[in-house]
Amino acid sequence: MTEWDEHAAWWQREFTDGADPEYEEQILPLIDRHLAGSQRVLDVGCGEGQVTRRAVALGADAVGLDSTWAQITVARDRAGGPTYLLSPAERLPFPSAAFDAVVMCLVIEHLDPFEPAIEEMARVLEPGGRLLLLLNHPLLQTPGSGWVDDHILEEQYWRVGPYLRDDSTLEEVAPGVNLPFMHRPLSRYVHVMAEVGLLIDDMEEPPPPPGFLAAAWEYGEAATIPRLMLIRARRRG
């Protein structure tokens, strides 16, 4: 059993069905804006399916896949229109050019290696199709980063952890919930995307949304520091 199998119920309770303000106020609206007009959407690492359901609500035919059976089971129970499959990100069970949009939301930082997933997502995109990659901000959310209230220097600042070094950590994200995170510099992702014909045409670094700041009082002083990055790329023809 993987960590994600073990903690699937925690994820479903804390981050879905309106429970998480970061998803409700930021991630899902970003999905709405950048997926608008897509017809055939693949959600890679879909979890219990909230992004996949969102794609259907936007008018697309959507497929969600995840490597965790405990997530796929709940996704199917919650229905909402998509098709759900159990599959790893590095071996997508679809022919080439099968979709006009592919989404990966807060997944790539848990994959090691990550290159096969990007290669596969590019393969199943039709020419001109778009990839939406949402991830923890590779620079400003590096392991070891955080708000510092320096009482000696009487300064407040955001400390950035070691950025250029690849890092793998098992982080306690909640009491008793430990999940693997892999940090890489942003350039690692950009280089692989370019190699497989994905050309970046937009990027967003939104500030933490109000609901998140209201619930995470300790983060309030860092309201100008983005937690999330969205990269949008097009499949070269």
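Guide: A salt bridge here is a side-chain nitrogen of Lys or Arg within 4 Å of a carboxyl oxygen of Asp or Glu. Searching the whole structure turns up 14 salt bridges. Arg40 sits in strand β1 and Glu126 in strand β5, so the pair ties together parts that are 86 residues apart in sequence. Side chains of opposite charge can pair when their charged atoms come close.

Some ground rules. This is a predicted model: local features need pLDDT of at least 70, side-chain atom pairs count only at pLDDT 80 or more, and totals for chains, interfaces and linings use all residues. Residues are numbered from 1 along each chain as its sequence is written, and side-chain values use heavy atoms, with hydrogens and water left out. Helices (H or I, at least four residues) and strands (E, at least two) are DSSP runs, numbered from the N terminus.

Now the sheet around that salt bridge. Seven strands make an open sheet, ordered β3-β2-β1-β4-β5-β11-β10, with mixed pairing. Two strands pair if DSSP finds at least two bridges between them. The edges belong to β3 (83-86) and β10 (198-204); each has a single partner strand, so one side of each is left without a neighbour in the sheet. From one strand to the next, the twist averages 20 degrees.

Look at β1 in detail. Strand β1 covers residues 40-44 and runs parallel to β2, residues 61-66, with five bridges joining them. Within this pair, Val41 stands opposite Ala62 of β2.

Next, the helices on the sheet. Contact means heavy atoms within 4.5 Å. Axes are lines fitted to C-alpha atoms, for helices over the stretch in contact, and angles run from 0 to 180 degrees between N-to-C directions. Helix α3 (residues 21-35) packs on the sheet and touches β1, β4 (99-105), β5 (125-136), β10 and β11 (228-235). The direction of α3 makes about 165 degrees with that of β5. Helix α5 (residues 69-78) lies across β2 and β3, at about 165 degrees to β3.

Follow α3 to its helical neighbour. Two packed helices are described by the angle between their axes and the distance between the axes. For α3 and α4 (residues 50-57), the axes come within 10 Å and cross at roughly 45 degrees. Angles under 35 degrees count as roughly parallel, over 145 as roughly antiparallel, 65 to 115 as roughly perpendicular and the rest as oblique. α3 and α4 are therefore oblique to each other. Handedness has its own rule: a crossing is left-handed if the near helix is turned anticlockwise from the far one by less than a right angle, and right-handed if clockwise. The crossing of α3 past α4 is right-handed.

Residue by residue, α3 brings Tyr23, Glu24, Leu28, Pro29, Ile31, Asp32 and Leu35, while α4 brings Gln50, Val51, Arg54 and Ala55. Sorted by class, this contact of α3 with α4 has seven nonpolar, one polar and three charged residues. The classes: Ala, Val, Leu, Ile, Met, Phe, Trp, Tyr, Cys and Pro are nonpolar, Asp, Glu, Lys and Arg are charged, and the others, Gly among them, are polar.

α5 has a helical partner too. The axes of α2 and α5 come within 9 Å and cross at roughly 45 degrees. That angle makes α2 oblique to α5. Their crossing is right-handed. Ala8, Trp11 and Gln12 of α2 make the contact with Ala70, Gln71, Val74 and Arg78 of α5. By class, the α2 contact with α5 has four nonpolar, two polar and one charged residues.

Finish with the loops. Most residues other than glycine have a negative phi, and most peptide bonds are trans. Asp17 is not a glycine, yet has a positive phi of about 55 degrees. Asp17 lies in the loop between α2 (8-15) and α3. A cis peptide bond joins Asp112 and Pro113, with omega about 0 degrees. Pro113 belongs to the loop between β4 and α6 (115-124). Leu106 is also placed in the loop between β4 and α6. Leaving out residues up to four places away in sequence, Leu106 touches Tyr23, Ile27, Leu134, Leu135, Asn136 and Leu228.
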